[in-house]
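I opened this model to look up a few parts of its fold. My notes are below, entry by entry.

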Amino acid sequence: MWQRSPSDGKMAGETPESSGTSLLHDAAATASKHRHFLKDVIFHGKFQLLNCLTPEENTGCQHGLYFQDGERRVDYILTYHIKKPSSSRSNRQSSRFTDNAFTRSLRRGTARLGRAPPPQPRGDPEVASQDHSMDYHEDDKRLRREEFEGNLRDMGLELEKDEDTKTPGVGFVKIHAPWHVLCREAEFMKLKMPTKKVYEVKQSTGVGAKINTLVNKATEPLHPNVEDNRTQNVKHLSYMFSREKQHLFDLSDRDSFFDSKTRASIVFEVLKRTKCTKAKYSMGLTSLLGSGVYTDAYPLHDGDVDGENVEPNDRKLLYEEWASYSVFYKYQPIGLVRKYFGEKIGLYFAWLGLYTQMLIPASLVGVIVFLYGCATVDDNIPSMEICHPKNTITMCPLCDRACSYWKLKEACGTARASHLFDNPATVFFSIFMALWAAMFMEHWKRRQMRLNYEWDLTGFEEEEDHPRAEYELRVMQKSLKKEHKTQKKPTEIAEETTNKWKQTVQSAMAGLKLTEKEKLTCRDRLPAYMTNVVMMLLMIGVTFAIVFGVILYRISTKAALHMSNNPTTRSNVRLTVKTTAAIINLVVILILDEVYGAVARWLTVLEVPKTDKSFEERLIFKTFILKFVNAFTPIIYIAFFRGRLVGRPGSYLYVFESYRMEECAHGGCLMELCIQLSITMLGKQLIQNNLFEIGIPKLKKLIRYIKSKRRSFQEEEREKKLQRYETDHFLEPFAGLTPEYMEMIIQFGFVTLFVASFPLAPLFALLNNIIEIRLDAKKFVAELRRPVAARAKDIGIWYNLLRAVAKVAVIINAFVISFTSDFIPRLVYQYMYSLDGSMHGFVNHTLSYFNVSDFQNGKEPMDALHLGYQVEMCRYKDYREPPWSNTPYVISKEFWAVLAARLAFVIVFQNVVMLMSDIVDWLIPDIPKDISLQIHKEKILMVELFMKEEQGKMQFIDSMTPCGGKENRNNHAPIARSRSIPHTHSHTHANNI
């Protein structure tokens with residue numbers, strides 16, 4: 001069998017017999033203690049015991065940030081599975097860590113003590129083969145770990161193992177990057193680092209600068225108590241790190257020159273680049289994680305966040321000044337967020353903060369529009385005519401047979417409520433929100449450029465990422481399949497026997513070059529692409545089917561409630577049906593969101609994208625399409641289709657020949673659209689975005705604890721605190737920013753797409769985001785493992801999605817105002833048909849006549865005398881000719897006039913608003929003027945710095961040249977200059993040494 005490396009041997013002075021006895025004794029003891037601990041937690045409600053696993057309460061965990069020598073800092077952690085003797089399975093105990101010399105001696109020791117080591121019953125070849133296979137796989141994993149860790153040491157990293165922890169079954173590999181590795185990798189990664197050169201940041205002058213100064217003084221209490229958040233008048237000139245130009249940088253304190261975030265990203269880059277090559281195919285870190293050779297890989301948090309004796313650290317400062325709900329009114333310390341988590345996460349929170357700030361004016365205007373509707377509801381002539389006591393207009397039945405005739409004044413409440421959202425101010429608000437979206441986009445581009453300058457990201461270009469593990473595996477399988485087919489040829493079999501040594505060398509090199517020779521083509525991915533198309537259409541079809549099912553629910557429930565004997569039930573049919581249907585839609589949306597997220601990830605995995613960036617963009621696109629359709633299909637139906645495919649009395653449109661299509665209330669569908677929009681938006685924000693984000697991590701933490709089988713967590717050991725890397729091991733792994741961005745993009749859709757029907761949407765979004773920022777902050781600081789810092793200069797594909805939603809919002813709001821509301825019919829009546837130019841008579845103008853004798857057989861109301869008299873004519877909302885005309889029930893000319901006005905409004909509104917948005921885009925420069933000047937100044941200072949350096953080198957050469965050599969240098973300047981280059985390099989090399 002394989003030999004274990006010397007570093008993994010047993011401790012000195014420990015015999016196999018004593019170690020075997022103590023291990024088996026500890027197994028029974030820890031199992032008993034573990035059962036008592038779970039009993040205390042589950043049955044006695046002692047949930048505070050679980051806080052020992054959380055960084056918030058585990059105040060004594062101050063170890064684990066350094067190696068055993070206390071000097072070398074732990075930059076990264078790899079974890080792997082080890083077998084502990086406390087695991088029991090099928091009434092047998094296994095005392096194997098791994099199949100190595102130590103465990104074999106342990107088995108021999110337990111055998112001599114009279115304990116039966118075989119884990120399976122006698123004569124059970126199946127169990128024996130399973131254990132043999134398990135041992136083989138464990139040995140294979142151990143060998144791969146040893147090779148990978150040996151390669152890491154060859155790359156210059158320093159490693160230290162720890163298997164004797166209070167986390168059984170988990171071994172930890174602590175990784176430290178020494179100074180020369182950090183310098184080498186920083187140069188490879190082209191990291192910009194601050195130089196010794198400091199220059200003054202010129203402050204702008206003028207009226208704008210004075211206003212900005214006054215605003216800063218007024219908002220001083222809103223700034224967090226963080227040094228990085230203060231405006232600085234000086235800035236270090238940054239330059240890409242180079243080992244040959246180390247003298248440009250301040251290296252007086254090498255321990256703090258590269259912060260913990262940078263050190264972790266450097267180590268992660270080395271880990272991604274290191275391969276296992278002794279196998280048939282090479283394996284990188286992602287492949288090793290996917291195959292179970294390692295179980296986790298993560299950098300460490302800087303320390304604890306709460307407690308009495310916690311040392312000051314950036315994590316604790318973030319927890320106090322950013323992740324606390326008590327500072328919800330303050331600005332975010334974006335600089336410190338970037339310093340701790342990296343640019344990519346810093347950009348997300350900067351974008352979220354700016355989006356939340358921009359929602360403040362939108363919320364104020366939305367509230368004013370809503371208050372305007374409340375203030376003018378009593379002066380609205382159409383609703384006054386509907387609610388007038390002398391109004392005797394008799395309306396046609398709302399359903400067949402069960403429904404009877406009703407008075408128009410019964411819709412008084414609906415008409416008054418509709419005016420709150422269907423008034424001239426909503427048109428202004430729609431235009432305002434379109435311009436607001438354009439302003440938000442431009443403001444973010446300027447903010448993004450300012451952050452790029454402050455974070456030294458100007459000129460940064462993303463390089464091609466390493467291939468993903470799944471891609472390498474597919475390429476390997478393709479290569480092996482092709483190689484297998486080639487080896488089947490008889491001619492090559494003969495060559496194998498004659499050139500065996502050559503084949504051996506080629507096979508040894510094959511594993512390293514398999515993924516370099518092959519790549520996946522469109523033909524290889526064609527089945528996955530077809531599956532994607534079919535599944536996406538199927539999921540969208542499922543959404544449409546569910547919306548249709550809710551429509552049938554509304555139709556059938558309305559008919560059933562109309563047949564009720566309870567007068568209260570009959571009078572509140574519309575409200576009951578609207579509300580319950582909206583709640584059903586919300587529940588379905590929440591369920592399908594989770595399903596569609598899993599389906600989108602599965603479809604993206606099928607495509608096998610090459611890089612993580614490609615994988616993320618494809619996943620985002622699929623998830624956005626599915627979740628967007630899921631969230632907005634019910635709303636789009638109510639806004640544009642409900643009430644338009646109804647027919648007329650005597651000739652209604654039926655579904656399945658029995659369900660009559662539903663129609664809008666007399667006040668229009670805008671009120672129902674508002675109800676659906678508000679319930680969906682508030683429900684998603686309250687349940688999905690907040691409760692799920694708080695409750696699910698807590699539940700996962702409890703499940704992870706129970707699954708971890710922490711048998712060594714005894715009562716007497718509770719006072720012993722976990723190491724830092726053990727505490728972080730129990731935190732939730734970072735799953736990326738896609739879920740965070742996705743919920744905000746969907747919210748942005750609710751705020752902009754149908755804002756004409758729900759002007760309070762920006763207000764509810766603002767209140768949600770104030771909580772969301774602190775909730776996400778607490779999750780990142782205290783609930784998640786520290787993510788590897790990733791550099792990014794923008795928010796990527798999300799900006800394109802935002803622009804697309806903003807453009808679509810203009811079109812949708814134009815159609816909502818034109819076709820869903822009564823804004824255009826009111827204008828047409830006022831300026832074309834009104835006798836005095838007022839709205840008097842508008843309600844009567846929009847109602848057509850129907851002769852009740854024209855009802856189809858079996859469709860007339862059962863209780864025709866419900867109103868106490870015989871009805872001969874009833875009214876319904878439509879533009880049709882009366883029954884006494886030459887063309888009864890034919891669409892009238894008023895309908896075509898209104899339709900022409902509606903289409904004209906859509907065209908004019910869309911072009912005018914988009915033109916105004918483009919003007920805003922053109923007027924506001926993408927790069928602030930002061931930032932543009934500072935970037936130009938940095939370039940000039942960099943040139944001056946290198947010119948001074950060159951002059952210093954020339955003076956040094958002159959001082960080292962003999963006196964008589966000066967004339968030679970003057971006569972042969974080019975030669976002397978060329979000869980100065982080697983001296984310069986040797987001088988720099990001497991400085992480096």
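**Before starting.** I noted that this is a predicted model, in which local features need pLDDT of at least 70 and side-chain atom pairs count only at pLDDT 80 or more, while totals for chains, interfaces and linings use all residues. Residues are numbered from 1 along each chain as its sequence is written, and side-chain values use heavy atoms, with hydrogens and water left out.

**Entry 1: the sheet.** I looked up the strand order and found an open sheet of four strands, β2-β3-β1-β6, with antiparallel pairing. Helices (H or I, at least four residues) and strands (E, at least two) are DSSP runs, numbered from the N terminus. Two strands pair if DSSP finds at least two bridges between them. The edge strands are β2 and β6 (296-298), each of which pairs on one side only. The twist averages 20° from one strand to the next. I reminded myself that strands of a sheet pair through backbone hydrogen bonds, either parallel or antiparallel.

**Entry 2: the bridges.** I then went through the pairs.
- β1 (residues 76-81) and β3 pair in the antiparallel sense over six bridges.
- β2 (residues 158-162) and β3 are also antiparallel, over five bridges.
- β1 and β6 pair in the antiparallel sense over three bridges.

K174 in β3 has I77 opposite, and E160 also stands opposite K174. L78 has A297 in β6 as its bridge partner.

**Entry 3: strand β3.** Is β3 enclosed or open? I found seven of the seven residues of β3 (residues 170-176) buried, so the strand is largely enclosed by the rest of the structure. Buried means under 20% relative accessible area, exposed over 50%, and partly exposed in between (1.4 Å probe, protein chains only). V170, F172, K174 and H176 point one way from the strand, G171, V173 and I175 point the other way, and all are buried.

**Entry 4: helices by the sheet.** I saw that α7 lies across β1 and β3 and runs at about 50° to β1. Axes are lines fitted to C-alpha atoms, for helices over the stretch in contact, and angles run from 0 to 180 degrees between N-to-C directions. In α4 (residues 179-188), seven of the 10 residues are buried, so this helix is largely enclosed by the rest of the structure. Among the buried residues of α4 are W179, L182 and R184. The buried residues of α4 pack against α6 (254-257) and α7 (260-273). After α4 comes K190, with a positive phi near 55°.

**Entry 5: α10 and α11.** Helix α10 (residues 334-341) and helix α11 (residues 343-376) pack at an angle of about 150°, with axes 7 Å apart. The two are therefore roughly antiparallel; under 35 degrees counts as roughly parallel, over 145 as roughly antiparallel, 65 to 115 as roughly perpendicular and the rest as oblique. The contact (heavy atoms within 4.5 Å) is made by I334, V337, R338 and F341 of α10 and E343, I345, G346, F349 and A350 of α11.

**Entry 6: N532.** Which helix holds N532? I found N532 in α18 (residues 522-562). N532 is buried, with a relative accessible area of 5%. Not counting residues up to four places away in sequence, N532 touches L603, E607 and K622.
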